[in-house]
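Trainee: I would like to learn how to read a structure like this one. Could you walk me through some features?

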Amino acid sequence: MPRFTPATPRSRRLGRELRKLREAKGLTGEGVAETLACSPSRISRIESGEIRPRVGDVMELLVAYGVKIDEEPGVSLLDQARGLREDGWWQRLGGKYATYIAYEIEAVELKNFEPMLVPGLLQTESYAREVNVIGRETDQETIDQRVSARMTRQEVLRRKPTPLRMHAILSEASLRTEVGGPDVLREQLDHLVTLSRLPNVTIQVLRFEAGAHLADSSGFVLLSFERDEPPLGYIETLAGELFLESSRDLARLSAAYDNLRTLAMSPAESIRFIKELSKHGT
């Protein structure tokens, strides 16, 4: 049976290509479902990326659309289907956290604003552990799993051949809040300075005196992908995680981020500020 999983850029890309082939033949989802003796919802979910189709599933669809499986685009689509069957390490985490990581791994650029904490991709192990302890988890095994996952996530910043491009705007509050005490925070600040030397990592600090801005209520993430894959917005709230895909929502997040980038100190000024905080205390 096909597996129902959160859609990812790769599964959506495959689904989109299959939908284009179906529409080019003038076929409806209902008609294809009848031909393949399956439900129309199955065709719809394959095309939306919610189902990771097996190679055999894609082969059946290609045959139904009159596409040869030993020629392009059939060969490429079957290769994509094979790639979708590989389980990622993050899938054992479950829930929307695993969904977010799947998107993060496939992203080519990430923009992140955090009002109170250092972003997960930039955290030290000690800082990450304290974040997961505070008011969230009491089970040590669960805490260890979450910290390990966060450390593994950070590999995208050094992946080869194309590391994730990250632009982070950190509020001054996130740099002054003592998570785990002064020693943990000092180590975290020094780590930010080290990461800022990576050519794909840019850090800006939003000082208190910048005043009110368009993202006073919460932090957020903007993810961009390769090819023609649309961007994605992500917001984590006390009530749960939100994935934003509409052009209107994405435009609002982009406007807010541009506003924050204008108000924040330059990258060079920001790193000098972080060094001073680490040296003289917060």
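**Reading salt bridges, helices and surface**

Mentor: Gladly. Let's start with a network of salt bridges, which links Glu172, Arg176, Arg207 and Glu209. Keep in mind that this is a predicted model.

Trainee: How many salt bridges does a search of the whole structure find?

Mentor: The search gives 16 salt bridges. To count, a side-chain nitrogen of Lys or Arg has to be within 4 Å of a carboxyl oxygen of Asp or Glu. Take Glu17 and Lys20, whose closest N and O atoms are 3.7 Å apart. Both residues sit in helix α1, 3 residues apart, so about one helical turn separates them.

Trainee: Is Glu17 buried, exposed or partly exposed, and what about Lys20?

Mentor: Glu17 is partly exposed, with a relative accessible area of 27%. Lys20 is partly exposed as well, at 40%.

Trainee: Where else do I find a pair about one helical turn apart?

Mentor: Look at helix α7 (residues 125-133), where Glu125 and Arg129 are 4 residues apart. Their salt bridge has its closest N and O atoms 4.0 Å apart. Glu125 is partly exposed at 44% relative accessible area, and Arg129 is partly exposed at 26%.

Trainee: Which parts does the salt bridge between Arg153 and Glu104 tie together?

Mentor: First the contact itself: the closest N and O atoms of Arg153 and Glu104 are 2.8 Å apart. Arg153 belongs to helix α8 (residues 140-153) and Glu104 to helix α6 (residues 95-106), so this pair ties together parts 49 residues apart in sequence. Both Arg153 and Glu104 are buried.

Trainee: How should I describe two packed helices?

Mentor: Two packed helices are described by the angle and the distance between their axes. Here, the axes of helix α1 (residues 9-24) and helix α5 (residues 74-84) come within 10 Å and cross at roughly 150°. That angle makes α1 roughly antiparallel to α5, because angles over 145 degrees count that way. The crossing of α1 past α5 is left-handed.

Trainee: Which residues form a nonpolar patch on the surface?

Mentor: Met59, Val63 and Ile69 do, with about 240 Å² of accessible area together. Val63 lies in helix α4 (residues 55-64). Its relative accessibility is 58%, so Val63 counts as exposed, the cut-off being over 50%.

Trainee: And is Phe220 buried or exposed?

Mentor: Phe220 is buried, with a relative accessible area of 4%. You will find Phe220 in strand β6 (residues 220-224). Between Phe220 and Leu242 there are 9.7 Å in space, C-alpha to C-alpha, while in sequence the two are 22 residues apart.

Definitions and conventions
Residues numbered from 1 in each chain as written. Predicted model: local features only at pLDDT ≥ 70, side-chain atom pairs only at ≥ 80, totals over all residues. Heavy atoms only, no water. Patch = residues over 30% accessible without salt bridge, like charges linked within 9 Å, V, L, I, M, F, W, Y side chains within 5 Å. Areas by Shrake-Rupley, 256 points an atom, 1.4 Å probe, with all protein chains shown as cover. Helix = DSSP H or I, 4+ residues; strand = E, 2+ residues; numbered from the N terminus. Buried < 20%, exposed > 50% of the residue type's maximum accessible area, 1.4 Å probe, protein only. Axes fitted to C-alpha atoms, helices over the stretch in contact; angles between N-to-C directions. Parallel < 35°, antiparallel > 145°, perpendicular 65-115°, else oblique. Left-handed = near helix turned anticlockwise from the far one by under 90°.
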